[in-house]
Amino acid sequence: MGGRPVTLHARLIVERPRFRLDIELTVAAGQVLALLGPNGAGKTTALRAMAGLTPLTDGRIYLDGGPLHTMPVEERPIGVVFQDYLLFPHLSALDNVAFGPRCQGAAKAAARRTAGEWLERVGLAEHAAARPRQLSGGQAQRVALARALAVHPRLLLLDEPLAALDAHTRLSVRSQLRRHLSDFDGATVLVTHDPLEAMVLADRLVVIEDGTVAQEGTPGQVARRPRTDYVARLVGLNLYRGTADGDGVTVDGVEFSVAEHLRGQVFVAFPPSAVALYRTRPDGTPRNLWRARIEGMERHGDNVRVHLGGPIAAGADITPAAVADLGLSPGQDVWAGVKATETHAYPA
Amino acid sequence: MLIVPALLGLAFLVLPLAGLLARAPWSTMPRRLAQPEVLEALRLSLLTATVATVLCLLLGVPLAWLLARVAFPGRRLVRALVTIPLVLPPVVGGVALLLALGRRGLAGQWPAETFGVSLPFTTAAVVVAEAFVAMPFLVISVEGALRGADDRFEEAAATLGASRWTIFRRVTVPLVLPGIVAGGVLCWARALGEFGATITFAGNFPGVTRTMPLAVYLAMETDPESAIVLSLILLVVSVAILAGLRDRWVAAP
């Protein structure tokens, strides 16, 4: 154990009435993989399958070359941090952390000593005697992490580790979690529906939709080149599928000029901040310009997010001053244009 | 509209107890309490009810766990079987115990012939009769507590490397302890009051199988005042123990 490179290879197939999960995952030693997806996509099912809490219909899980899927839960070298932590309410924080080492055969005193070290590492040494209900959300999260790591897992599984925290606590707990994850030398799989959490904590993202892998890559790749509407919404881009002819892309009758030279089926993506709105048709190139109808407007940070209908649906972020100058209101027809330099195309 | 029947119900439950207190022979009470038969019956009742409760806990908690946590074919049938002693008239239970564990019974014949050991009409038989009648109370109560408990704590324990036995011992039982205690108290109270199955299966021998309820029944025929005293003792002991435990464990949330 310890220090040896761990790699997880898993093909997870879980069939239920009206739901099928079928994904393939690879995680290298020391790497953090985030499973990102909407509710009901199968993220938690995938995590439970790796832990052995949900039986696989088919597939296999190999950790470090050895099969994991044939082992019962209690023999798998895993650590799990559950969404609501599931700290044993009748045990102190110390005994919660000591529970795993005890089960692995450590004597009571040794297990409690190990647990004390872990609590110290997560900065909770002075709360060792506290019952879970006396801990704050952030403290409970750290106890849960210490409990999962105290069994020296080779695979760490985290289910929405920050979802139960309020926004303020989440920020500090997230940076601590990031530090502990980078110290951990095994493979980590993290389930989340929060793209920011995934981007900050993970080395690689796997986006799951409807039980299958919709996209995977580094956070940067996924953020720059979304391949599904869900991912595009997560990272805040307008995303379209179109046909490229070398120096332009046609999306539902709207022509975009892009920097990339591509042919065939492509994705086109641009941020809402790159969209400009006009009352009258601006002069110049007919490209990157289309007639749109304002379907809705809402406050979005310092700007106003304008939802556009028409040949293509798009979001546009413009300043409140521009909204006033242009006299924009829902139901109005406007011209929408997007800067070519901020429009990216990539193969579909 | 509801107050009148509610008060009637209360009166119905309290009036017999008042009758008991009103007719109690207070002047001769100390002398009667000190009678060796009374103390003998009380001792026997407390002993057998407690041993029966321990027996029910040892067998009933795992049975409740089986019914609540393990999916197996015929579980509904087993659950129905468990509750039979609850609806069976206790005298019929006693007859059934005789037919099963008696000298010529299904399971009683072999030990009787091989070792000359016979269960009926012994103190052990009292315990068996009481446990038979009282165990469903415990099983139902503990099974309910187990069903209400979040079994994901048990999953969390499994991911930490705990075996099924360790999970049961260190997670499941502590989590449902209030339910187990409540079930144990119900079970104990039922065992303490057991009459029908005891007199049928264990008989009515002073010092051996004559528990308080049997002594009360017998005294009613010969010395009603003595029956009142015995009843009062049984009442006081039950109420004291239930009240003592209620505040700590059985209190409604």
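**Figure 1. Helices α3(B) and α4(B) in contact.** In this predicted model, B:Leu63, B:Leu66, B:Leu67, B:Ala68 and B:Arg69 of α3(B) touch B:Arg75, B:Val78, B:Arg79 and B:Val82 of α4(B). Sorted by class, this contact holds six nonpolar and three charged residues, and no polar ones. Helix α3 of chain B spans residues 36-69, and helix α4 of chain B spans residues 75-82. Their axes come within 10 Å and cross at roughly 145°. The crossing of α3(B) and α4(B) is left-handed.

**Figure 2. Where chain A meets chain B.** How many residues does each chain bring to the contact? Chain A gives 20 residues and chain B gives 16 residues. The area buried between the two chains is about 1,700 Å². Carbon and sulfur atoms give 67% of that area. Three residues stand out on the chain A side: A:Glu74, A:Leu86 and A:Phe99. They supply 31% of the area that chain A buries against chain B, more than any other three residues.

**Figure 3. A salt bridge across the interface.** Side chains of opposite charge can pair when their charged atoms come close. Between chain A and chain B, two salt bridges are found. A:Arg48 forms a salt bridge with B:Glu155. The closest N and O atoms of this pair are 2.8 Å apart.

**Figure 4. A salt bridge within chain A.** Over all chains, the whole structure has 20 salt bridges. One joins the side chains of A:Asp185 and A:Arg154, at 3.3 Å from N to O. Which parts of the chain does the pair link? A:Asp185 lies in the loop between α5 (167-183) and β8 (187-192) of chain A. A:Arg154 lies in the loop between α4 (137-149) and β7 (155-159) of chain A. The two residues are 31 residues apart, so the pair links distant parts of the chain.

Figure 5. Strands of a sheet pair through backbone hydrogen bonds, either parallel or antiparallel. Here four strands of chain A form an open sheet in the order β2-β1-β4-β5, and the pairing is antiparallel.

**Figure 6. A five-stranded sheet in chain A.** Five strands form this open sheet, in the order β13-β12-β11-β14-β20 of chain A. The pairing is antiparallel. Strands β13 (254-257) and β20 (344-347) of chain A are at the edges with a single partner strand each, so one side of each lacks a neighbour in the sheet. From one strand to the next, the twist averages 40°.

**Figure 7. Strand β14(A) and its two partners.** Eight bridges join strand β11 (residues 238-245) of chain A to β14(A), and these strands run antiparallel. Four bridges join β14 (residues 263-270) of chain A to β20(A), again antiparallel. Follow A:Val268 in β14(A): A:Val268 is the bridge partner of A:Tyr240. A:Val268 also stands opposite A:Ala345 in β20(A).

Key:
Residues numbered from 1 in each chain as written. Chains lettered and ligands numbered in written order. Predicted model: local features only at pLDDT ≥ 70, side-chain atom pairs only at ≥ 80, totals over all residues. Heavy atoms only, no water. Axes fitted to C-alpha atoms, helices over the stretch in contact; angles between N-to-C directions. Left-handed = near helix turned anticlockwise from the far one by under 90°. Contact = heavy atoms within 4.5 Å. Nonpolar A, V, L, I, M, F, W, Y, C, P; charged D, E, K, R; others polar. Pairing = 2+ DSSP bridges. Buried area = accessible area lost by both parts, 1.4 Å probe. Salt bridge = Lys/Arg side-chain N within 4 Å of Asp/Glu carboxyl O.
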